[in-house]
Amino acid sequence: MEYAHPITVGDNVWLGGNVVVLPGVTIGSNSVIGAGSIVTKDIPSNVVAVGNPCKVVKNLEENK
């Protein structure tokens, strides 16, 4: 059995090499997803997220 749901990628998003984004996931604008990450849940805007499963490790708005 197979199913497909759209993914949503915001503006100015950087996806590292070999990233897997599962169906139905939304990645917010101005975010960075580290190489080799597996994105299983929604990622908010303005963050750096890495890992398996992908988790937020840094908020980019704190540096402003």
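**Close-up views of a predicted model**

**View 1. Asn46 and its polar partners.** The side chain of Asn46 makes a polar contact with the side chain of Asn30 at 3.4 Å, a polar contact being a pair of N or O atoms within 3.5 Å in which, within protein, one must be able to donate a hydrogen and the other to accept it, and residues adjacent in sequence count only if both atoms are side-chain atoms. The model is predicted: local features need pLDDT of at least 70, side-chain atom pairs count only at pLDDT 80 or more, and totals for chains, interfaces and linings use all residues. Residues are numbered from 1 along each chain as its sequence is written, and side-chain values use heavy atoms, with hydrogens and water left out. A further polar contact, at 2.9 Å, joins the side chain of Asn46 to the side chain of Glu61. Asn46 is placed in the loop between strand 6 (38-39) and strand 7; strands (E, at least two residues) are DSSP runs numbered from the N terminus. Asn46 counts as buried because its relative accessibility is 13%, where buried means under 20% relative accessible area, exposed over 50% and partly exposed in between (1.4 Å probe, protein chains only).

**View 2. Ser31 in its loop.** Ser31 is found in the loop between strand 4 (26-27) and strand 5. Its relative accessible area is 0%, so Ser31 is buried. The side chain of Ser31 reaches the backbone oxygen of Gly28 at 3.3 Å. Beyond four places in sequence, the residues that Ser31 touches include Trp14, Ile43, Pro44 and Asn46, contact meaning heavy atoms within 4.5 Å.

View 3. Four strands form an open sheet of mixed pairing, in the order 2-5-7-8; two strands pair if DSSP finds at least two bridges between them. Strand 2 (14-15) and strand 8 (55-59) are the edge strands, each pairing on one side only. Strand 5 (residues 32-33) and strand 7 (residues 47-50) run parallel and are joined by 2 bridges. Ile33 stands opposite Ala49 in strand 7.

**View 4. The largest nonpolar core.** This core has 8 residues: Val25, Ile27, Ile33, Val39, Ile43, Val47, Ala49 and Cys54. A nonpolar core is a set of buried Ala, Val, Leu, Ile, Met, Phe, Trp, Tyr and Cys residues joined through side-chain atoms within 4.5 Å. Not counting residues up to four places away in sequence, Val47 touches residues including Val32, Val56 and Leu60.

**View 5. Val19 and Ala35.** Val19 lies in the loop between strand 2 and strand 3 (20-21). Its C-alpha atom is separated by 5.8 Å from that of Ala35, 16 residues apart along the chain.
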